[in-house]
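Colleague: I would like to learn how to read a helical model. Please take me through it feature by feature.

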Amino acid sequence: MATTGVETMTTKPSQAPIRSKSAVLQSVEDIVYGSIAGIVGKYIEYPFDTVKVRLQSQPDHLPLRYTGPLDCFRQSIKADGFLGLYRGISAPLFGAAAETSSLFFFERIGREAVYASGYCSRDRVLPLPALWFTGAFAGAFTSVVLTPIELVKCKIQVPASADGSSPKAPTVTSVIRDVYKHEGVKGFWRGQMGTFFRESGGCAAWFGSKETVTKMFYLLNEKNAKSQMEKDALATEALPLWQQAVAGASAGMSYNFLFFPADTIKSRMQTSPVGGSGQNRTFWQEGSAVWNQHGLKGLYRGCGITVLRSAPSSAFIFIVFDALKRYVPM
């Protein structure tokens, strides 16, 4: 988390800062600064995300088109150029802003829920289990916002037609029009269960891992402090940049690895053709199809590149968000 993570994780109860900002102003900060951080992270990770979705979405009844991430990169660049890897980024940029701002916003609401439950008083440090819970809470609510955006993004990244032909590259408006025409409003939430599992479990790991590693670094720095003055200063100072980066990177890698199968199933559901004669598979039917055809390996197809790209992306998201909250307060 950001500055709020320092408040709850690293300061002693007697050192906890006074809540000077209104809840509304804190929420505005979460939304605005979360949006900026999300956009920065999306520009870093999007080419890798395109490759990940293409690897995940290969049909289970045909020979694999790509042998791995590098082959997918090679074929994609050969066919569309490097900028082709950024195809459809407008919707994901909006999605990244909506997702990241929603995560930080709902995570704060989750903290308020923990306080209101009486589990922990406001003048005490939130324990790690509570912070993992607030991450899951944030992810569960954010999944509802994110599913339609993810669906549009996936259909642009992996165009598909009902008759199996190669359609021209779709646009955001054409995807929205086709989905609504054939499936109505409900169609935009295809893959919701997969997004829910990925976001609730993954965000528990995202916030929880970041807070856990952050606390570890603060304890390590406090142990290495040579005077009481240095120890007192640590409670209010930001971590060194490299430690913030490691904490943020660990968050992204945990988020993506632990619940990757749910993301694979979601991507396959969201890239299936619109308007086909066949019945749409449910989350469990799609998962069973992948398992029967490719086993566990099929559920983790594209995981390596996803975990790799999530490290710098997540590190930048937290660094940017923390810096804005700390140095550009509203």
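Colleague: Does G304 count as buried or exposed, and at what relative accessibility?

Modeller: This is a predicted model, and what follows is computed from it. A residue counts as buried under 20% relative accessible area and as exposed over 50%. G304 has 54% relative accessibility, so it counts as exposed. G304 sits in helix α12.

Colleague: Which distance is there between the C-alpha atoms of G304 and P69?

Modeller: Their C-alpha atoms are separated by 8.4 Å, although G304 and P69 are 235 residues apart along the chain. For the protein, take contacts between residues at least 6 apart in sequence: 81% of these join residues at least 24 apart.

Colleague: How many helices and strands are there in the protein?

Modeller: The protein has 12 helices and zero strands. Read from the N terminus, the elements run α-α-α-α-α-α-α-α-α-α-α-α. Of the 330 residues, 52% are buried.

Colleague: How should I read a pair of packed helices, and at what angle do the axes of α9 and α12 cross?

Modeller: Two packed helices are described by the angle between their axes and the distance between the axes. For helix α9 (residues 241-258) and helix α12 (residues 303-327), the axes come within 7 Å and cross at roughly 135°. Angles over 145 degrees would count as roughly antiparallel. α9 and α12 are therefore oblique to each other. Their crossing is right-handed.

Colleague: Which residues of α9 and α12 make the contact?

Modeller: On α9 they include L241, Q244, G248, M253 and F257, and on α12 they include C303, V307, R309, F318 and D322. By class, the residues of the contact of α9 with α12 divide into 12 nonpolar, seven polar and two charged.

Colleague: At what angle do α2 and α12 pack?

Modeller: α2 and α12 pack at about 160°, with their axes 9 Å apart. That makes α2 roughly antiparallel to α12. The crossing of α2 and α12 is right-handed. The contact of α2 with α12 has 14 nonpolar, five polar and seven charged residues.

Colleague: At what angle do the axes of α2 and α5 cross?

Modeller: The axes of α2 and helix α5 (residues 128-157) cross at roughly 80° and come within 10 Å. Angles from 65 to 115 degrees count as roughly perpendicular. α2 and α5 are therefore roughly perpendicular to each other. The contact is made by Y46, D49, T50, V53 and R54 of α2, together with K153, C154 and Q157 of α5. The residues of the contact of α2 with α5 divide into three nonpolar, two polar and three charged.

Colleague: Next, the nonpolar core. Which residues in the largest nonpolar core touch the most other members?

Modeller: In soluble globular proteins, nonpolar side chains tend to be buried together. Here the largest nonpolar core has 16 residues, of which L103, F104, W206 and F207 touch the most other members. The elements that give two or more residues to this core are α2 (23-56), α4 (90-117), α7 (192-224), α9 and α12.

Colleague: Which element gives the most to this core?

Modeller: α12 gives the most, with five residues. There is also a second, separate core of eight residues, among them L151, V152, I156 and V274.

Technical notes:
Residues numbered from 1 in each chain as written. Predicted model: local features only at pLDDT ≥ 70, side-chain atom pairs only at ≥ 80, totals over all residues. Heavy atoms only, no water. Axes fitted to C-alpha atoms, helices over the stretch in contact; angles between N-to-C directions. Helix = DSSP H or I, 4+ residues; strand = E, 2+ residues; numbered from the N terminus. Parallel < 35°, antiparallel > 145°, perpendicular 65-115°, else oblique. Left-handed = near helix turned anticlockwise from the far one by under 90°. Contact = heavy atoms within 4.5 Å. Nonpolar A, V, L, I, M, F, W, Y, C, P; charged D, E, K, R; others polar. Core = buried A, V, L, I, M, F, W, Y, C linked by side-chain atoms within 4.5 Å. Buried < 20%, exposed > 50% of the residue type's maximum accessible area, 1.4 Å probe, protein only.
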